[in-house]
Amino acid sequence: MKYIPNTLTFLRIAAAAVLFFVPPLSVIYIVFYFICGASDVLDGLCARALHAQSSFGSKLDTLADAAVILAALITLRDLIPYNSLLVTWVIIIAVLKVRAFFKNKRFDSPHTTADKAVGALLFLYPFTLLFTQNIWIAYSVCMAATYAVSGELRRE
């Protein structure tokens, strides 16, 4: 039973890989993207319920999160409204996130309330593209991500 959380996390990585081979925002894309989100929630719940939390699982979860984010950014790049400000902002957030990893000497995310909120916003963002390509939605996600990463940098 203790292998279930990491199996769910590996499932998320596999589902993220599938996103590269299906048309963006098609029904099959949304199904696999939803699997990514559901497995992200379920792996943590199962790990806690089964007392199967581990350093490896936490690092794997962070890697899986990054895989899903990169897969979504790459596969949806033609649908995401962007300009030089947004691109620069995303790069700065990524650099700050890497800096936080080195500062805190840990590869896993802290799972604070802010990080969970940003995770939810990042997960929901592609669904907004079904209805609008308003750049202000992307700016809002970046604002929340900036706040969350600044908390990681302040952490002792």
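Student: Is the crossing where α5 passes α6 left-handed or right-handed?

Tutor: α5 passes α6 in a left-handed crossing. Keep in mind that this is a predicted model.

Student: What makes α5 roughly antiparallel to α6?

Tutor: The axes of helix α5 (residues 113–128) and helix α6 (residues 135–154) cross at roughly 160 degrees and come within 9 Å. Angles over 145 degrees count as roughly antiparallel, so α5 is roughly antiparallel to α6.

Student: Which residues make that contact?

Tutor: From α5, they are Ala114, Asp115, Val118, Leu121, Leu122, Tyr125 and Thr128. From α6, they are Ile137, Ala138, Val141, Ala144, Ala145, Tyr147, Ala148 and Glu152. By class, the contact of α5 with α6 has twelve nonpolar residues, one polar and two charged.

Student: Why are α4 and α6 called roughly parallel?

Tutor: The axes of α4 and α6 cross at roughly 20 degrees, coming within 9 Å. The cut-off for roughly parallel is under 35 degrees, and α4 and α6 are therefore roughly parallel to each other. Their crossing is left-handed.

Student: Which residues of α4 meet α6?

Tutor: Among them are Leu85, Leu86, Trp89, Val90 and Ile93 of α4, and the α6 side includes Ile135, Ala138, Tyr139, Cys142 and Met143. The contact of α4 with α6 divides into 15 nonpolar, two polar and five charged residues.

Student: How do you know that α1 is roughly parallel to α3?

Tutor: α1 and helix α3 (residues 55–75) pack with their axes 9 Å apart, at an angle of about 20 degrees. With under 35 degrees as the limit, that makes α1 roughly parallel to α3. The crossing of α1 and α3 is left-handed. In the contact, α1 supplies Asn6, Thr9, Phe10, Arg12, Ile13 and Ala16, while α3 residues include Phe56, Gly57, Leu60 and Asp61. Nine residues of the contact of α1 with α3 are nonpolar, three polar and three charged.

Student: What makes Asp40 and Arg12 a salt bridge?

Tutor: Their side chains meet at 3.5 Å, N to O. The rule asks for a side-chain nitrogen of Lys or Arg within 4 Å of a carboxyl oxygen of Asp or Glu, so the pair qualifies. Asp40 lies in helix α2 (residues 27–49) and Arg12 in helix α1, 28 residues apart, and the pair links distant parts of the chain. By this rule the count comes to five salt bridges.

Student: Which element has the lowest mean pLDDT, and which the highest?

Tutor: Helix α4 (residues 84–104) has the lowest, 89, and helix α1 (residues 4–18) the highest, 96. The protein averages a pLDDT of 90, and 96% of the residues score at least 70. Where pLDDT is low, the predicted coordinates should not be read in detail.

Conventions. Residues are numbered from 1 along each chain as its sequence is written. This is a predicted model: local features need pLDDT of at least 70, side-chain atom pairs count only at pLDDT 80 or more; totals for chains, interfaces and linings use all residues. Side-chain values use heavy atoms; hydrogens and water are left out. pLDDT is the predictor's confidence in each residue, from 0 to 100. Helices (H or I, at least four residues) and strands (E, at least two) are DSSP runs, numbered from the N terminus. Axes are lines fitted to C-alpha atoms, for helices over the stretch in contact, and angles run from 0 to 180 degrees between N-to-C directions. Angles under 35 degrees count as roughly parallel, over 145 as roughly antiparallel, 65 to 115 as roughly perpendicular and the rest as oblique. A crossing is left-handed if the near helix is turned anticlockwise from the far one by less than a right angle, and right-handed if clockwise. Contact means heavy atoms within 4.5 Å. Ala, Val, Leu, Ile, Met, Phe, Trp, Tyr, Cys and Pro count as nonpolar, Asp, Glu, Lys and Arg as charged, and the others, Gly among them, as polar.
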